[in-house]
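Subject: Structure handover and findings

Hello,

Here is the structure I said I would pass on. Please open it alongside this message.

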Amino acid sequence: MKNLLYQVLHWCWLKVLGALGDMGKMMKAAQEMQGKMAEMQEALDQITVTGESGAGLVKATATAKGELTALEIDPSIFVPSEKEVAEDLILAAIKDAQLKAQEKHASEMGKLTEGMGLPAGMNLPF
């Protein structure tokens with residue numbers, strides 16, 4: 001009986017130690033993921049996309065985070081009688097750039113999660 005109790009306690013102790021080792025591995029993996037996420041956030045500031053409208057008459061450039069960084073407008077759209085058309089073209093180019101930024105952001109985050117062995121399409125909270 002004493003031997004059986006010893007074996008059970010030994011088995012439980014090994015399980016506890018194994019769980020602590022697994023916890024250490026999980027913490028290390030979490031720290032690595034946090035580092036990779038920080039690198040990705042910095043990289044997203046450097047990646048740019050360009051949206052356009054009016055067959056390229058208006059071009060808007062944004063970072064992959066969606067921050068508008070440049071706006072190019074062909075002067076030919078500045079006809080006073082067509083002010084609304086110019087405004088629509090500018091707005092359309094900005095929206096196109098923002099959409100492309102969202103797509104690029106999702107693509108880059110997908111590469112990161114895939115590289116970490118996480119399921120495809122897993123949405124991280126960033």
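What follows is a short account of the sheet, the nonpolar cores and the salt bridges.

Please keep in mind that this is a predicted model.

The sheet

Three strands make up an open sheet, ordered β1-β2-β3, with antiparallel pairing. The edges are β1 (48-53) and β3 (68-73), each of which pairs on one side only. From one strand to the next, the twist averages 15°.

β1 and β2 are paired in the antiparallel sense over six bridges. Within this pair, T48 stands opposite T63 in β2. The two strands form a hairpin with four residues between them, and G54 in the turn has a positive phi of about 60°.

V49, G51 and S53 are on the covered face, whereas T48, T50 and E52 are on the uncovered one.

The nonpolar cores

Which residues make up the largest nonpolar core? There are nine in all: V58, A60, A62, I77, A86, L89, A93, I94 and A97. β2 and α2 each supply at least two residues of this core. The largest share comes from α2, with five residues. Another core, of seven residues, lies apart from it and includes M37, L44, M109 and L112.

A62, a member of the largest core, is in contact with I47, T48, V49, E67, L68, T69 and A97, leaving aside its neighbours within four places in sequence. A97 is itself listed in that core.

The other residue is T63, which is found in strand β2. T63 counts as buried because its relative accessibility is 4%, and buried means under 20%. Not counting residues up to four places away in sequence, T63 touches L44, D45, I47, T48, T69 and A101.

The salt bridges

How many salt bridges are there? The count comes to five.

E87 forms a salt bridge with K83, with the closest N and O atoms 2.3 Å apart. Both residues lie in helix α2 (residues 83-115), four residues apart, which is about one turn of the helix. K83 is exposed, at a relative accessible area of 52%, whereas E87 counts as partly exposed at 39% relative accessibility.

K100 forms a salt bridge with D96, and in this case the closest N and O atoms are 3.5 Å apart. K100 and D96 both lie in helix α2 as well, four residues apart, about one helical turn. Both count as partly exposed: K100 has a relative accessibility of 30%, and D96 has 21%.

The side chains of E108 and K111 also meet in a salt bridge, at 3.2 Å from N to O. E108 and K111 are separated by about one helical turn, because they are three residues apart in helix α2. Salt bridges that share partners join K104, E108 and K111 into one network.

In short, the model has an open antiparallel sheet of three strands, a largest nonpolar core of nine residues with its largest share from α2, and five salt bridges.

Regards

Definitions and conventions. Residues are numbered from 1 along each chain as its sequence is written. This is a predicted model: local features need pLDDT of at least 70, side-chain atom pairs count only at pLDDT 80 or more; totals for chains, interfaces and linings use all residues. Side-chain values use heavy atoms; hydrogens and water are left out. A salt bridge is a side-chain nitrogen of Lys or Arg within 4 Å of a carboxyl oxygen of Asp or Glu. Buried means under 20% relative accessible area, exposed over 50%, partly exposed in between (1.4 Å probe, protein chains only). Two strands pair if DSSP finds at least two bridges between them. Axes are lines fitted to C-alpha atoms, for helices over the stretch in contact, and angles run from 0 to 180 degrees between N-to-C directions. A nonpolar core is a set of buried Ala, Val, Leu, Ile, Met, Phe, Trp, Tyr and Cys residues joined through side-chain atoms within 4.5 Å. Contact means heavy atoms within 4.5 Å.
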